[in-house]
Amino acid sequence: MGALPRPCRPPSTGGPVNTRAAPLPHAVLALVTGIATLLAYVLLGAADAQARTADAVATGLHVSDGRLLEANGNDFVMRGVNHAHTWYPGETQSLADIKALGANTVRVVLSNGHRWSANSPADVQAVVADCKANRLICVLEVHDTTGYGEEAAAGTLDQAADYWIGLKSVLAGQEDYVIVNIGNEPWGNADPAGWTAPTIAAVKKLRAAGFAHTLMVDAPNWGQDWQGVMKAEARSVYAADTTGNLVFSIHMYSVFDTAQEIRDYLGAFTAARLPILIGEFGGPADQWGDPDEDTMMAAAEELRLGYLAWSWSGNTDPVLDLAVDFDPSRLSGWGERIFHGANGIAQTSREATVFGGGSQDTQAPTAPGALAATDVTADSASLTWAAATDDTGVTGYDVVRVSGATETPVAATTTPGVTVTGLAADTTYTFAVYARDAAGNRSARSASVDVTTDEGTSVPGASCAVGYRVVGEWPGGFQGEVVLRNTGTTPVQGWTLGFSFTAGQTVAQAWGGTATQTGSAVRVTPASYTATIPPSGSVTIGFIGTKGATNPAPAAFTLDGAACATS
């Protein structure tokens, strides 16, 4: 399948695909952000800080007092991902796969025909039906507006509004299930103050056309609002909506690389009771910084705000693919983080109550029983337990490591068993399990089990093959990828990958493993989710590096000291 570009992230001065326009240097950014934050708090903290009562009776998903609610008044917090439907219309299984991993929402990329082939009314109707069949809330967005004012090919918000009006017959009556995200990242870095007026105009145009759906608006600065325009103008934009059913969407990538930036931005909106979510975000580093996805997800959970990770699959640069080649059984490191990590989807997602007939399930499952450990190795253990029961059905289990009064999430699964990897040799761990149902009710904790890992040593000489490629280059830097494959008949565990650069290259940041470098020699040890490579399986390590005039690939690779084949 030909990979298409991730168009909401074009570099302004060159760089790898899937990166966004370069922000100001960090020191200048801090000053600009500080000024914008001060202005925002003045404006957002005015007497009008309480979100106003909607002028019309709520229809379906709606906003009240800064919160997104379902028609029955149940608080709804989005936990999901983005899916590039307009570029991959044949990947019709994706929504079912996304749902199976625990998401309650999917943001679907559409085109109005300005830049890419338009998604027809029949196609959009089918997407909505697919969302509903898979019990997912559907956020629909027009992608053609991306980077307007800086991206010459981008369309306007007014054109996007006209597209939605053309879909009114398809979307009317779907207010319980559909949110209309008017236009993706509808302003670049050029004069971002110009974002406000067309955003207000598009909102008014849709309301005048009779749209009762909750509307979503993206920020300028390629969605990242690093100059604070959306934060400063949020109250005036919100006031332009005659229904009050408007949600703001911030996209968090490398601009948001510190906890303070993330918490300050989200906190400004929640303090003013203005509804906001993280409509896109990434975790892997780019040449402009390393997004702090851990704080993004933790803050979203603490504040009960939605988040939608970018993206399911199909990026030209696969570093942001959650699933490799649209295969839910091959989650990337980024995918494992989003679905199974701390504050991830499996742990925090709650299905919309509209899919339960409008009634809210409040009965928790029974506690899992008879927890046992088998197949214990130096760095892994298989856990099994007796299945829990529930009045509407158990949908998943959360495995935690227990240390005194502290619990640390380690895995999530839909079956009563899981293999925990990335453990330290000759170490005792205590594990326990919770069960959860579709409504998000969580059981009491199971009885715990103690596991002591084997002493174990790494066995040199495992059969292996390595594929190395340069994903993208720019002056002075590049993004590389190493795919390490186990060609043997037994699992490879606790591995060390070795190689040497020949032209002075260095590794600056890595994901999928921890890289250390001495001179030209690089050694990579695994992350917890890449620690075990099954027979015929593979793991992927990505990194950002520096380079000079040339950038040749390493000539040889070793695994635990033994030579690997190259491919």
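This is a predicted model: local features need pLDDT of at least 70, side-chain atom pairs count only at pLDDT 80 or more; totals for chains, interfaces and linings use all residues.
Residues are numbered from 1 along each chain as its sequence is written, and side-chain values use heavy atoms, with hydrogens and water left out.

Biologist: How many helices and strands are there in the protein chain?

Modeller: Helices (H or I, at least four residues) and strands (E, at least two) are DSSP runs, numbered from the N terminus. On that basis the protein chain has 11 helices and 31 strands.

Biologist: What percentage of the residues of the protein chain count as buried?

Modeller: Buried means under 20% relative accessible area, exposed over 50%, and partly exposed in between (1.4 Å probe, protein chains only). Of the 567 residues of the protein chain, the share that counts as buried is 54%.

Biologist: Are the helices α9 and α10 roughly parallel or roughly antiparallel to each other?

Modeller: Axes are lines fitted to C-alpha atoms, for helices over the stretch in contact, and angles run from 0 to 180 degrees between N-to-C directions. The axes of α9 (residues 293-303) and α10 (residues 333-340) come within 12 Å and cross at roughly 20°. Angles under 35 degrees count as roughly parallel, over 145 as roughly antiparallel, 65 to 115 as roughly perpendicular and the rest as oblique. The two helices, α9 and α10, are therefore roughly parallel.

Biologist: Which residues of α9 and α10 make the contact?

Modeller: Contact means heavy atoms within 4.5 Å. From α9 come E293, D294 and M297, and from α10 come W334, R337 and I338.

Biologist: Is T530 buried or exposed?

Modeller: T530 is found in the loop between β26 (521-526) and β27 (532-533). Leaving aside residues up to four places away in sequence, T530 touches W495, G512 and V539. Because its relative accessibility is 4%, T530 counts as buried.

Biologist: Where is E185, which has a positive phi, found?

Modeller: E185 is not a glycine, yet its phi is about 35°. With 0% relative accessibility, E185 counts as buried. Its place is the loop between β6 (178-181) and α6 (196-208).

Biologist: What is the phi of N343?

Modeller: N343 sits in the loop between α10 and α11 (345-348), and at 19% relative accessibility N343 counts as buried. Although N343 is not a glycine, its phi is positive, at about 60°.
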